Amino acid sequence: MNHIDYHDFLKRYRLPEPVFVTQPNMPSLEDYQKSIGEIWENKWLTNNGYFHRKLEQRIAEYLDVKHICLFCNGTIALLVALHALRINSGEVITTPFTFPATPHVLYWNGIRPVFCDIDKNTFNLDPNKIEKLISPDTKAILPVHVYGNPCDVEKIQEIADRHGLHVIYDAAHAFGVRYKNRPLCQYGDISMLSFHATKLFSTGEGGALVVKSKAQKERINFLKNFGIASQEMIIGPGINGKMNEFQAAFGLLQLDTIDKEISRRAALTHTYKNMLSDVKGITLFSDKPDVQPNYAYLPILIDPKLYGMTRDDLYLILEKCNIMTRKYFYPLCSTYSCYASLPSSHPESLSVAHEIANNILCLPLYSSLEMETVQLICNIIKDLKISK
Ligand code: T4K
């Protein structure tokens with residue numbers, strides 16, 4: 001900010017109220033009160049109630065998948081997915097460029113995460129670097145479709161098949177994404193979806209597993225309910241991963257407007273792309289062939305040399321303007337104190353991931369965001385470049 005008048009800049013651009021990186025798409029309060037009225041009437045609050053069953057069916061239809069199990073959140077869902085596939089020792093290859101939940105779930109299942117570097121274009125696991133990390137202890141690959149961008153699902157499956165490994169996708173960001181006209185969450189053995197308040201489709205807290213068969217669904221349903229098969233039969237050490245009726249009722253109303261939510265986000269994304277495309281040093285994801293995206297996030301990659309400012313400086317200036325961006329996913333999971341001493345955490349073997357994590361910034365994106373606010377954010381980013 002050496003060459004511009006800082007006070008003048010803030011006077012021009014500072015918003016009166018903070019704008020967050022995301023906001024949930026709230027259904028009408030009246031409609032939700034109606035649903036709550038029914039829950040009150042039924043006195044059925046959880047354990048596979050009416051709203052739960054209805055939501056499970058409606059999401060399966062919407063996603064175009066056969067078998068789905070709802071959960072209290074995505075993290076517990078992923079924990080149960082690993083358990084259901086009997087992956088509870090050894091190593092699992094995963095990405096360091098993700099939310100802490102991904103490696104933590106491995107840790108909680110007694111598995112050692114093995115971090116693999118990411119691809120510089122997709123920010124997902126680099127399939128060309130997976131194979132050299134496979135050891136006799138490797139049980140599975142756990143890739144993440146970061147920001148809803150599909151991983152190289154074909155190559156990953158090919159590697160997994162060749163080595164007899166499971167593939168579990170962390171598809172927390174990928175609700176509704178289609179690849180080659182198929183639901184993205186159908187690839188791999190199991191995919192986990194998150195319905196957290198910050199997600200495109202939300203139940204406040206919540207999540208799901210997309211699974212391959214009726215039998216697998218039944219097993220997972222036991223596991224998420226303490227392993228209870230019947231009042232007098234506990235089939236194994238399950239956990240409590242159930243979604244309750246308040247969450248499910250909220251989700252049903254959200255589902256009614258999900259297509260509107262996606263198309264509004266698409267329009268906002270389009271404006272970001274149009275306005276920022278000619279700013280040197282700022283890169284946005286380009287549209288990918290064969291992918292029907294969900295516009296879950298708006299990441300930009302900053303090249304400090306070309307842009308003239310670091311990601312952290314831009315983050316701070318935007319914050320002063322009341323624009324609360326997020327550095328998803330900095331710091332890398334491999335740098336957390338609980339994982340830093342793993343051999344696979346060595347920064348040298350994760351150079352792309354470090355580069356991306358140090359320069360990434362997620363800009364606000366949600367349906368109630370004003371188009372004028374997007375234009376203002378873009379103008380700030382453009383003006384900062386010009387002033388350099
Ligand atoms: N795998 C991946 C790849 C994930 O990204 C996640 C979660 C998971 C697994 C685990 O799934 P879950 O167990 O959560 O279902 C948020 C979310 O808490 C987290 O769910 C999400 N990923 C992650 C990407 O984002 P934070 O620490 O950024 O949340 P927070 O509270 O700072 O919220 C960000 C902004 O969202 C706030 O500044 C304002 C807005 N917000 C937030 C909440 C909670 C709202 O407007 N309303 C709200 O209720 O992690």
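**Entry 1: what I'm looking at.** I reminded myself that this is a predicted model. I started with the ligand.

**Entry 2: where the ligand sits.** I looked up the pockets, and the space the ligand takes up turns out to be the largest pocket. Then I checked the domains. Domain 1 (6-25 + 257-386) and domain 2 (29-256) both hand residues to the shell, so the ligand lies between them.

**Entry 3: who is around it.** I got 27 residues around the ligand. Those that come nearest are Gln23, Thr75, Asp170, Ser194 and Tyr328. Sorting the shell by class gave me 12 nonpolar, 12 polar and three charged residues. I also asked which helices and strands supply at least two shell residues each. Helix 4 (74-84), helix 5 (101-108) and strand 8 (190-194) do.

Entry 4: I went through the ligand's oxygen atoms next. One is 2.5 Å from a side-chain N or O atom of Gln23. For Thr75, I again found a side-chain N or O atom at 2.5 Å from a ligand oxygen. Gly74 uses its backbone instead: an N or O atom there lies 2.9 Å from an oxygen of the ligand. On its own the ligand would expose 910 Å², and the protein buries 77% of that.

**Entry 5: cis peptides.** A cis peptide bond joins Tyr328 to Phe329, with omega at about 5°. I found another cis bond between Tyr330 and Pro331, where omega is about 0°. Where is Phe329 placed? It belongs to the loop between helix 11 (311-320) and helix 12 (351-359). Pro331 is in the loop between helix 11 and helix 12 too.

Entry 6: I traced Arg86 to the loop between helix 4 and strand 2 (91-94). Helix 4 is also one of the elements I noted for the ligand shell.

Methods. Residues are numbered from 1 along each chain as its sequence is written. This is a predicted model: local features need pLDDT of at least 70, side-chain atom pairs count only at pLDDT 80 or more; totals for chains, interfaces and linings use all residues. Side-chain values use heavy atoms; hydrogens and water are left out. A residue is near a molecule or strand if one of its heavy atoms lies within 4 Å of it. A polar contact is a pair of N or O atoms within 3.5 Å; within protein, one must be able to donate a hydrogen and the other to accept it, and residues adjacent in sequence count only if both atoms are side-chain atoms. Accessible areas come from the Shrake-Rupley method with a 1.4 Å probe; for residues, only the protein chains shown count as cover. On a 1 Å grid over the protein atoms alone, a cavity is a set of points where a 1.4 Å probe fits but cannot get out, and a pocket is an open set with protein on both sides within 12 Å along at least five of seven lines; lining residues have an atom within 4 Å of a point. A molecule sits in a cavity or pocket if more than half of its atoms lie within 2 Å of its grid points. Helices (H or I, at least four residues) and strands (E, at least two) are DSSP runs, numbered from the N terminus. Ala, Val, Leu, Ile, Met, Phe, Trp, Tyr, Cys and Pro count as nonpolar, Asp, Glu, Lys and Arg as charged, and the others, Gly among them, as polar. Domain bounds come from an automatic or database domain assignment.
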